[in-house]
Amino acid sequence: MAPSDHILGLVRKALDEFDERPLEVSVRRAIRIANLVGETKHAMRLAMEVRPITGDRQTNAETSRMLMADPSIWSSLEGPHEEAMRQYLVDRTIRDDSGNATDQIDSHSLSELQFWNDEFEVLKRSGERLDYKSELATRSRTQRILGRTRHLTFALLCSLERRLGYTNINESIFGGYRVKVDKLLAEGAPELLQQFQRGLPATPGGSLDDP
């Protein structure tokens, strides 16, 4: 696992540039970070947003396993990867005009959704006739998907920044105490300090040369 300060730097860079970069860029950054810290569920959940819907099934499965902290549980019906899939299916279920879930899933990637969203804007500006009811329903669904993904990505990055920042603060505090303790031991009990540094059991009243 990469050092926490390096990962924290990646998190803060992703957050600082979150509103300046395309959503897909932020999502891929979050996948990388989640993978580094062993957050399999979030890494795989966000990976489902950017993966293409076509391709060889075996290759797609192997690619997904690369993001798992423990690939050996892939065949299990329980685990973070299964929870990620459950959440994805719920979020991507297409609903009718009354808000009821259908048996259809919108499985298009973020890049495809963004492409169609941009194309709709181009067609609308061109004055070309469109089936606005159908287009509006599709675009509304697209905006909900993009919005949920943006919120999940931002929340994950914020959570990791808090966790890693807290870890670094603790390391800094205890590191400072350790330096002070080592200094006091060096001045008052140098033999004891040497035993701690060598990982040897302390022997009160004795020395390192005692049998």
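Helix α3 is largely enclosed by the rest of the structure, because 9 of its 11 residues are buried. Buried here means under 20% relative accessible area, exposed means over 50%, and partly exposed sits in between (1.4 Å probe, protein chains only). The buried residues of α3 are Thr40, Ala43, Met44, Arg45, Leu46, Ala47, Met48, Glu49 and Val50. Across the protein chain, buried residues make up 28% of the 211 residues.

Before going on, a word on what you're looking at: this is a predicted model, in which local features need pLDDT of at least 70 and side-chain atom pairs count only at pLDDT 80 or more, while totals for chains, interfaces and linings use all residues. Residues are numbered from 1 along each chain as its sequence is written, and side-chain values use heavy atoms, with hydrogens and water left out.

**The fold and its helix pairs**

The chain has 8 helices and 2 strands, running α-α-α-α-α-β-β-α-α-α along the sequence. Helices (H or I, at least four residues) and strands (E, at least two) are DSSP runs, numbered from the N terminus.

How do α2 and α3 cross? Their axes come within 8 Å, at roughly 155 degrees, and α2 and α3 are therefore roughly antiparallel to each other. This crossing of α2 and α3 is left-handed. Helix α1 (residues 4-16) also pairs up with α2: the two axes come within 10 Å and cross at roughly 160 degrees. That makes α1 roughly antiparallel to α2, and the crossing of α1 and α2 is left-handed too.

As for the terms, axes are lines fitted to C-alpha atoms, for helices over the stretch in contact, and angles run from 0 to 180 degrees between N-to-C directions. Angles under 35 degrees count as roughly parallel, over 145 as roughly antiparallel, 65 to 115 as roughly perpendicular, and the rest as oblique. A left-handed crossing has the near helix turned anticlockwise from the far one by less than a right angle; clockwise is right-handed.

**The two pockets**

A pocket is an open set of points on a 1 Å grid over the protein atoms alone, where a 1.4 Å probe fits, with protein on both sides within 12 Å along at least five of seven lines; lining residues have an atom within 4 Å of a point. Its volume is the space filled by probe spheres set on the points, which are joined across faces, edges and corners.

| Pocket | Volume | Lining by class |
|---|---|---|
| Largest pocket | about 750 Å³ | 14 nonpolar, 6 polar and 4 charged residues |
| Second largest pocket | about 160 Å³ | 2 nonpolar, 3 polar and 5 charged residues |

For the classes, Ala, Val, Leu, Ile, Met, Phe, Trp, Tyr, Cys and Pro are nonpolar, Asp, Glu, Lys and Arg are charged, and the others, Gly among them, are polar.

The largest pocket has a volume of about 750 Å³. Of its 24 lining residues, Met48, Arg51, Pro52, Asn60 and Ser64 are the closest to the centre. Two or more lining residues each come from α2 (23-36), α3 (40-50), α4 (57-65) and α5 (80-92). Helix α4 gives the most, with 6 residues.

Which element supplies the largest share of the second largest pocket's lining? That's α7, with 6 residues. Both β1 (93-95) and α7 (132-188) supply at least two. Among the lining residues are Arg95, Asp96, Asp97, Arg141 and Arg144.

**Leu136**

Leu136 is found in helix α7 and is exposed, with a relative accessible area of 57%. Phe120 is 16 residues away along the chain, and its C-alpha atom is separated from that of Leu136 by 9.5 Å.
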